[in-house]
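Here are my notes for your read-through. Please keep the structure open beside them.

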Amino acid sequence: MSSSDAHALSPAHEADRQRHLAHHFDTMDTQEYAVRLAMWLFLGTEVLLFAGLFLGYTVYRHFYHETFHEASRTLSIVLGTTNTIVLITSSLTVALAYWAVKTGKNGLGAFLLVVTILCACGFLVIKGFEYHHKFEEGMLPGQFYHYAEITGPGANLYFTIYFLTTGLHAFHVIVGMSVLIWVLARLLKGHFSPGYYYPVELGALYWHLVDLVWIFLFPLLYLI
Amino acid sequence: MNDIMRTLLWLPVQASTFASKVDNLHYFVITVTMVASIATGLLAFYFFFKYRERRKAQSTPLVLPSVKFEIVVIGVPLFFFLLWFVQGFKDYVWYTSPPKNAMDVYVMGKKWMWKFAYGSQGPNAIGTLHVPEGRPVRLLMTSRDVIHSFYVPDFRIKQDLLPGRYTETWFEATKAGRYQILCAEYCGTWHSQMWGEIVVMPAQEFDNWLVEQRRGLSERVDTSTDDGDNFHGSIVEYGKKIAMSEGCVKCHSFDGEPHIGPTWLDLYQRRETLETGETIIADEAYLTDSMIDPRAKIVKGYKPVMPTYKGRLAAPEAAALVEFIKSLRSESLENVPSKEAIYEPVKRR
Amino acid sequence: MSQSSDAEAAPVYPAVNYLNADRGVWSWLSTLDHKRIALMYLVSVLFFFLIGGIFAMAIRLELLTPGPTIMSANTYNRMFTLHGVVMIFMFMIPAIPGVFGNFCLPLMLGAKDVAFPRLNLLSLYLYWTGSLLAVTAMAMGGLDTGWTFYAPYSTTTPTTVFPALLGVFILGFSSILTGLNFIVTIHTMRAPGLGWMRLQLFVWGIYATSIIQVLATPVIGLTVMLVGIERIGGFGLFDPTKGGDPVLFQHMFWFYSHPAVYIMVLPSMAVVSDAIAAFSRKNIFGYKMIAYSSLGIAFVGFFAWGHHMFVSGQSPFDNGAFAAISMLVGVFTAIKVFNWVGTLYRGAIAVTAPFVYICGFLFFIVFGGMTGIAVATVSLDVHWHDTYFVVAHFHFIMVGAVIMGFLIALHYWFPKMFGKKYNEGWGMVAASFIVLGFIATFIPQFLAGNAGMPRRYYMYPERFEALNVASTAGASLLAIGFVIVLIYLIYALVRGPIAGDNPWDSGGIEWMTTSPPPKENFHETPIIDRDPHSYQKRGEEVEHVVI
């Protein structure tokens, strides 16, 4: 996501852009750069937040290799793959939405944002089915685990990690979705233009992070 | 020289083969530390006076380091630090490599006591570990509940005990005597009282002691207060012996002093109110039940921390304990009410 | 830019400044002015320092005798836990960045505010929220896990842990957002002409600190969240009865908590760098070395966490690696010490209270830092781990370096923040109490650790009694010193003489505006055409000395 080509903006758009200059920044260039830098730093913190859980997964997979492998067989690859496709598609649509707003196609942008949000809902629904199935089978974390088919050591730990990672991820899906709904609302109210659109950019960036985390989670939990 | 440094630095005796290695490196490191820090402080103080401002708006020269200075300033500390690292790591690797002929002792830590066992033939002990002088001993350790740490300052050894895992450490004691074991990882209310003792005996004496211990009952209980022979005495005295050796005394006082568990003084036939609100009489049945299933009926104001003795007390031993408790009667005729517990009541999670 | 040319004229207190520009409590609570936010942080951190200090005095009083003295075992265990939690999360981590970072950073960059003023205010509110939750835990009976929350004790103790965990999580957020704000501010809001190599060293220190805050804090957030989930939900990663590994908790905890000590000490070193140059009225001896060593500490400090776990059951290989890396971090501090002392050489040093603190600081950072190297020496740490030696080591740094740094900052920037001068005589008296009291408190603790006294001991074997009594006596001196500081600073606020723009004749950019500054920081954007740590007068023939 590069900074806008200021010289390509029409005078009206440039005026719109300058309207958003905060009192403590000297220029919009500086402000936009600052805002993007801040967002990337924040995404860095999110990566580190998930890192601990990935570490836990790695450690316990190493300790309980067979059980983890067995337990991951119980996850539905079909549903997981579907969710992955849904999320990657939503990343595509949100990136296109950003491009649309940047080039003045607000209507298309709004439509694409709606598709993104719907994909997010779809992801959560499929996740809901998966969770429901686990509740039924007794594949629950920690002390609640009572799935009779897998009794090796570390079985309950697998599902603890499963619920913690997918749960934290789902929480971020909800947060990301809320951000996109808010961005959509502002877009529909006409707040954005080719001169000022970086909230869309930032919301899309956040959504990409949410997608990226899933792209790592999916193979670790479902495929190996 | 070693003794002067040791005394100045408040270091305890060196009673293991590891201790003098540790102390020698310690002296080196701490001397350089003291010299460097005092020199820095004094230099700053000296500059404070020598270069104090004498005129208002006095000018100062531009002082800059040369590359050579920078290299020296980085190189000298780095040299010392890496030197200490190398020596320290060498000593550490030696410390983590128990000799092949080391005698194994199993250590089990739990709140708030140490239990020792010499292999399957025993003997077992609580709180006191007998070891031979001049022979390496390897400790294989685990915890029953939370993390503890086995620390013997006189030996300069320490190792955490983990629940669910075995950790090991070893030592070779160089001097006969008694050395304190301290728990060094915070483990709750009586962490600071989770002490033990290592009794180092001359090698021959230890061998004799071990044979003595193994003769007789296959499960022997040892305390530092008696001679370990077959018990002679009344059932009440037998009960008292068991109360000491099974660790009951860690939580229950015999003299009315409030502690982790209800005092045993005047406990027999005492009317107690339970957590649930109901009242019971502490009779033989209740006392015996409490040993087997301590969490079932807890007296109000006490925490559910008593471990179960199911499988650990034979029937005669449990009976002896009850008789001992019955014998603890104060002179007054009225029931002495249970005193307040020292700590706050259990909060629901 | 020459020093204050009106040195002979009477100092002026600006009638309108950031303190009175807007009135009313709500104008403070909803402010976007970084200077006001800094003051609110100041009041808050001082309050929590007092609370943490009260817990400390309770501990020292209890330790006057080997047996029970004034409280029960369970109460004592709560005392040391709360002392640690309050001091670390509510004072040490937020204090210098929150107060002086907030106040001075934009001024030192010639900027009007930080990059995200509203985020800054949010950081303050998150600080208050997290602190309130921790206080709630205290009110509900308190927790006894130690500030390190080791599992499985922390996941099973029946004391009130969860609100404290939640509090720490939220305090972490506050810290992350502050760090993020500062990084973006330094990158994007420097005045024209202010290149990186012209930045005041305080800025470099805050920059390095902010990087750590942003990268390390999420990990502690996750870790305490996991402990909380295990307590509330009964499932987690650290329960050995379910196959979990308590040592994994330690790795995750220390991955943050070791860099955290650099979050605490780097700002303090940053203050000293600025103050030493200002009070010596001399250039910084090795500017680049000090600047880069801050980054070095931040970077290498991320890889040293395992030195807290030498006897945890970790492999010897890990122990060796962590030990070696820890040695490297020590070198960066050594570099700074040489450069600070070099800055004093041939300076024109002002006899002031901050200078007494600076002398103390230099002694303490070398002693504390090198005892850190000592405990990083694996074979030695086997004896010292979890004893009072480690307690003394980290207090030498936490109190001896960080709090000295805080006090230096407080005295150095007091005139800037409030436009008044404090009484130097009382300042030096208090500084002496603090430096000497500190030595008397903590040197006996090194010896107690040598003798084998473990940490977190409510009752201790009698042979440690003399050292404990000595330590408590020293602590009383320390406390008296702090009380004296509080009294004369409050007096100075109310009745102190007017300071004027630049009473220290310091070269820092923050001194190029009035004291107190106006709401918008500068009446006109400052042009930076020279090094802020240089004290050469324009046109003057300067003697060059190379060591």
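1. Start with chain B. Among its contacts between residues at least 6 apart in sequence, 64% join residues at least 24 apart. Keep in mind that this is a predicted model.

2. Of the 349 residues in chain B, buried residues make up 36%.

3. Chain A is built from helices. It has seven helices and zero strands. Read from the N terminus on, its elements run α-α-α-α-α-α-α. The C-alpha trace of chain A spans about 70 × 30 × 25 Å along its principal axes.

4. Burial and contacts in chain A come next. Of its 224 residues, 39% count as buried. Take the contacts in chain A between residues at least 6 apart in sequence: 76% of them join residues at least 24 apart.

5. Which chains share the most contacts? Two pairs of chains are in contact, and chains B and C share the most. Chain A and chain B are not joined by any contact. Their closest C-alpha atoms lie 12 Å apart.

6. Now look at one sheet in chain B. It is an open sheet of five strands, in the order S5-S11-S10-S7-S8, and its pairing is mixed. Strand S5 (128–132) and strand S8 (157–161) are the edge strands, each pairing on one side only. From one strand to the next, the twist averages 25°.

7. Check one pairing inside that sheet. In chain B, strand S7 (residues 148–152) and strand S10 (residues 177–183) pair in the antiparallel sense, over two bridges. B:Phe150 stands opposite B:Cys183 in S10(B).

8. Helix H4 (residues 203–214) of chain B lies across S5 and strand S11 (195–201) of chain B. Helix H4 runs at about 125° to S5(B).

9. Is B:Ala173 buried or exposed? B:Ala173 sits in the loop between strand S9 (167–172) and S10 of chain B. B:Ala173 has 25 other C-beta atoms within 10 Å, so it counts as buried; the cut-off is 20 or more.

10. What does B:Ala173 touch? Leaving out residues up to four places away in sequence, B:Ala173 touches B:Ala15, B:Ser16, B:Val131, B:Glu133, B:Phe155 and B:Val200. B:Val137 is 36 residues from B:Ala173 along the chain, and the C-alpha atoms of the two are separated by 8.4 Å.

Terms used. Residues are numbered from 1 along each chain as its sequence is written. Chains are lettered from A and ligands numbered from 1 in the order in which they are written. This is a predicted model: local features need pLDDT of at least 70, side-chain atom pairs count only at pLDDT 80 or more; totals for chains, interfaces and linings use all residues. A residue is buried if 20 or more other C-beta atoms lie within 10 Å of its own, exposed if 12 or fewer, and partly exposed in between; C-beta atoms are placed from the backbone. Two residues are in contact if their C-beta atoms, placed from the backbone, lie within 7 Å. Two strands pair if DSSP finds at least two bridges between them. Helices (H or I, at least four residues) and strands (E, at least two) are DSSP runs, numbered from the N terminus. Axes are lines fitted to C-alpha atoms, for helices over the stretch in contact, and angles run from 0 to 180 degrees between N-to-C directions.
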